[in-house]
Amino acid sequence: MKLFTQIKVGPLTLKNRVVMPAMHLGYTPDGQVNDKLTDFYVERAAGGVGLIIVGGCPIDDISGLPGMVMLRDDSFIPGLTRLTRAIHDHGALTAAQLYQAGRYAHSFTIGGKQPISASAVRSKFTGEVPREMTREDITWVTNSFAQAARRARQAGFDAVEILASAGYLISQFLSPLTNQRTDEYGGSFENRMRFGLEVADAVREAAGPDLAVLVRLAGNDFMPGSLGNAESAQFAAALETRGVDCFNITGGWHETRVPQLPMNLPRGGYVYLAQGIKAATRLPVMACNRINSPELAERILREGRADLVGVARGLIADPEWPNKALENRQEQITHCIACNQGCFDHVFTLQPVGCLVNPRAGLEASTRITPAESAKKIMVIGGGPAGLTFARVAALRGHHVALYEKDEQVGGQIHLASALRERAEFMTMIKDIETQAREAGVLVVCGREVDQRFIDREKPDVVVVATGGKPLPAPFPGSDLGHAVQAWDVLGDRVKTGRDVVIIGGGAVGCETALHLAAVGALTPEELHFLFLNQAETPETLFRLASRGYKNITMVEMTGRIGSDIGQTTGWVIRQDIKRAEINLMTKTKALEITRDGVLVEKGDEKANLKADTVVMAIGTQADTALYEAIKDRHPHVLLIGDAQKPAKAYEAVHSAFAAALTV
């Protein structure tokens, strides 16, 4: 595989072309390297990655978030030295990403100081107005970049990476949206590049001849009126003349309305940005974003679209991703599904990063799967994510595990979450866990409903009840009428719906149901591709036809906001999709009754009857504990896990099941 051929990056020779890009992890509260951070990166280094980029590492005291690894003064060098030695001892090279956020810094995280930027343009990301940098500020920040590079060299890093993407400080100088200066750092694109080029000069000199210098670029800002791929390629060509060694290409700013990270973005959806930069430079170029399988990574390299691949969250999900690919064990890889539940949702709420599909991420030392004291016969009832996770871990610990699922396939409520084409990656998680559970020795039996008699006959030592949840009953009359259906049945395509649909409930299930129905009759990706290439319709018509089908959909939600139970970094995407699909939203509205021709609702002091062919109930989930209640007093060791214990997100279900399996 080309993926595992060596490549020269400046003075370095990487053993393979798999790179772990910098990610904010939130593991270092005081900015100092600790065991938690070291354990995390050591496991990835041992897993076979060629280069690990640590960071972002703030270069000064007016940038950064709590939990970031600091490079702002020499006191951080000893800890960083321990980190680089540990990574080197396990076979990987490592770089430090040099981070200055500019107007993306929050004043409350930098001691109340006012953030700085190219110009005093308000940040939509923070809601704050930065201070325009003086020439003295520019000199000071440029020197701070250089001093951080010098510290990285002293700490034993093999490379440094200049962060010039995502809307951070260098991006703010490059973009006419945020650079309104009239001096030599503003105006023409040549002038707007000046600050970034001066930083590159200073970092190159401070890094010395033995360190590689990488630059993280946005191949497109995805901000109207800002830089596209052509301008980014021009900047890359200019940087090449200043002695940098490699380009790491991503897309977008934090303010952009184009999704960067959730599963809405197709796998490898931004490789074309790296391809555009590669055409403008002779230096190695790295492609990033949603490259979560070795097969995709290999194809990108073979096609010559990039020279390296950035696998960030893929290595959170599975530290052994490279080794498994090298050893032709791809079927054993736990793939990142871009759910954002444990990574970016945690970052934006200032929590340490975790992972839905890898409960050990960030907890490497305390969650090792060790052999049980004695092997037990364990029966797991329910094949959702909690049941599968428990079964896999228990089997790895040496127990004899059988899992029973009443449906014809495992997955539980994940089948509902993956009903949307854009959310189909959820089933990747189920496929991965099921494969790994079977390989660990779990007997997986589908189409078998377990009752008390069956349990008595099998005589397990431990019974694990993972029967999931069920829809809450409606708190209003009319739910038994023929045109009233459950959202779960709609998402499972078990019922027909009419043209005019009212959905009661605006949480995650209600939103997903609305988008599922809105897609009925909309153009498929294949149809859109054909019609666009052949110019059969105008772009405006194609946009409308791809955005929604023929149904008229109304959502009724009691609170003032839809999707409030969806993670912060994916909720805005779903709300944007709902707006694009022209779904009618009625917030602060209470459903009083399902009538024969619709729904009686109340908003404030006014009541109205919403006409509907179909009324969909998406009002919540309750634990399905019927089996547990029937057997809990008849067996000495019965565990209740997942939604059967308490309805929650898949993240909580998987993590609690993993923890429970370590105790048996």
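**Cavities, rings and a helix**

Mentor: Let's start inside: the largest cavity holds about 90 Å³ of space. A cavity here is a set of points on a 1 Å grid over the protein atoms alone where a 1.4 Å probe fits but cannot get out. Its volume is the space filled by probe spheres set on the points, which are joined across faces, edges and corners.

Trainee: Which residues are closest to its centre?

Mentor: They are Cys336, Cys339, Cys343, Cys355 and Leu356, out of 13 lining residues, where lining means having an atom within 4 Å of a point.

Trainee: And how many cavities of 30 Å³ or more turn up?

Mentor: Six, in a search of the whole structure. Keep in mind that this is a predicted model: local features need pLDDT of at least 70, side-chain atom pairs count only at pLDDT 80 or more, and totals for chains, interfaces and linings use all residues. Residues are numbered from 1 along each chain as its sequence is written, and side-chain values use heavy atoms, with hydrogens and water left out.

Trainee: OK, new topic. How many aromatic pairs are there?

Mentor: The structure has ten; rings of Phe, Tyr and Trp (its six-membered ring) pair if their centres lie within 6.5 Å. Take phenylalanine 222 and tyrosine 270: their ring centres are 5.2 Å apart and their planes are at 35°, so this pair is tilted. Planes under 30 degrees apart would be stacked, over 60 edge-to-face, and the rest are tilted.

Trainee: What does that pair tie together?

Mentor: Parts that are 48 residues apart in sequence, because phenylalanine 222 is in the loop between β9 and α7, and tyrosine 270 is in the loop between β10 and α8. Helices (H or I, at least four residues) and strands (E, at least two) are DSSP runs, numbered from the N terminus.

Trainee: Is tyrosine 270 buried or exposed?

Mentor: Tyrosine 270 is buried, at 6% relative accessible area, and phenylalanine 222 counts as buried at 15%. Buried means under 20%, exposed over 50%, and partly exposed in between (1.4 Å probe, protein chains only).

Trainee: Which rings form a cluster?

Mentor: Ring pairs link Tyr99, Tyr104, Phe125, Tyr168 and Phe348.

How values were computed: 1 Å grid on protein atoms, 1.4 Å probe; cavity = no way out; pocket = protein on both sides within 12 Å on 5 of 7 lines; lining within 4 Å.
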